[in-house]
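Please keep the sequence and the structure in view while reading.

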Amino acid sequence: MTTSVTSSLQTSNFRSLFFGEGNVICVSSGPVARVSFMRTTIECKESRIGKQPMEVPSNVTIAMEGRDLKVKGPLGELSITYPSEVKLEKEESGNLRVRKAVETRRANQMHGLFRTLTNNMLVGVSKGFEKKLQLIGVGYRAMLEGKDLVLNLGFSHPVRMEIPDGLQVKVEENTRITVSGFDKSAIGQFAASIRKWRPPEPYKGKGVKYADEVVRRKEGKAGKKK
C-alpha cells in the first residue's frame, strides 16, 4: 500500500544563536524534505566616537599615503597604519574623518579605536600629555640622576628606572612625579611601570598612586574588647 502525504509550505521566523536575527527558514515536507535558509544583511551601527570629525591644529602637518598617516608638530612626530577595515579621509574643511571600509563587527570596533588614536596623535604633537603620580609613605621619595629616575620605596635597595626617549620626567618635593611627552601611550606605559613597583595598599594608602586615583580604604582588624 502506497501512502502519499502532501503538505503546504510552512514559513517560520525565529531567532537563531548561529545565524542572527531576521533569518527565515522554509520547510517543505513530502517525499523529499528540503530546508532552505534566507539570510538578511544586518548593518552595524556607526560608532558615536568614530563618526566625529577631527580638527587639525594650525601648527600640525599631516601626510597621508595609502593606509599610513604621519603627523608632525612642534613637540614631535608620530605615525600610524590603518587596518583594511577603516579608512581616513580629509574633508574640504580640512578636518579628518575616519570611516568604515566594510560593514563588519570588527570594522565597527576599529572605527572608534582608530579615531581615538588619531586624535591623540594630533593633540600630542601640538599640546602634549602628562601623567602625575604621588608617593605616599614614610621614607618614600624620588629623585633624578641623569637620565634615570631613582625611587626609594622601602626595599633594601633603590629602584632605578631609565627614562625612555621622548619623555620628560619632573620630580617635585621628592614625592610628586610628572611624566610628560607627545606620545600618550608611552606616557601611560611608563607611569604604570612606576606604579607597579609599589601599588597603593588599601589600609593606610601607602605606595605609588596616580594623582587623580581614588584608593578604596579598608578597615583594619579591631582589637579585643576589654
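Q: Which side chain makes a polar contact with the side chain of Asp 148?
A: A polar contact is a pair of N or O atoms within 3.5 Å; within protein, one must be able to donate a hydrogen and the other to accept it, and residues adjacent in sequence count only if both atoms are side-chain atoms. Asp 148 is found in strand β11 (residues 148–152). At 3.5 Å, the partner of its side chain is the side chain of Arg 160.

Q: What do the numbering and the values rest on?
A: This is a predicted model, in which local features need pLDDT of at least 70 and side-chain atom pairs count only at pLDDT 80 or more, while totals for chains, interfaces and linings use all residues. Side-chain values use heavy atoms, with hydrogens and water left out, and residues are numbered from 1 along each chain as its sequence is written.

Q: How many helices and strands does the protein chain have?
A: Helices (H or I, at least four residues) and strands (E, at least two) are DSSP runs, numbered from the N terminus. By that rule the protein chain has two helices and 15 strands.

Q: Which strands stand at the edges of the open sheet of four strands?
A: Two strands pair if DSSP finds at least two bridges between them. The order is β13-β14-β9-β15, with antiparallel pairing. An edge strand has a single partner, so one side of it is left without a neighbour in the sheet; this applies to β13 (167–172) and β15 (207–210).

Q: Which residue of β14 is the bridge partner of Lys 131?
A: Strand β9 (residues 129–136) and strand β14 (residues 176–181) pair in the antiparallel sense over six bridges. In β14, the partner of Lys 131 is Val 179.

Q: Which helix packs on the open sheet of three strands?
A: This sheet has the order β4-β5-β6, with antiparallel pairing. Contact means heavy atoms within 4.5 Å, and angles run from 0 to 180 degrees between N-to-C directions, with axes fitted to C-alpha atoms, for helices over the stretch in contact. The helix touches β4, β5 and β6, and its direction makes about 170° with that of β6; it is α1 (residues 105–126).

Q: Is Glu 85 buried or exposed?
A: Buried means under 20% relative accessible area, exposed over 50%, partly exposed in between (1.4 Å probe, protein chains only). Glu 85 lies in the loop between β6 and β7 (86–90). Its relative accessible area is 15%, so Glu 85 is buried.

Q: Which residue meets Glu 85 in a salt bridge?
A: A salt bridge is a side-chain nitrogen of Lys or Arg within 4 Å of a carboxyl oxygen of Asp or Glu. The partner of Glu 85 is in helix α1, 21 residues apart, and counts as partly exposed at 44% relative accessibility. At 3.1 Å, N to O, this partner is Arg 106.

Q: Which residue forms a salt bridge with Glu 213?
A: Glu 213 lies in the segment after β15 and its partner in helix α2, so the pair ties together parts that are 18 residues apart in sequence. The closest N and O atoms are 2.8 Å apart, and the partner is Arg 195.
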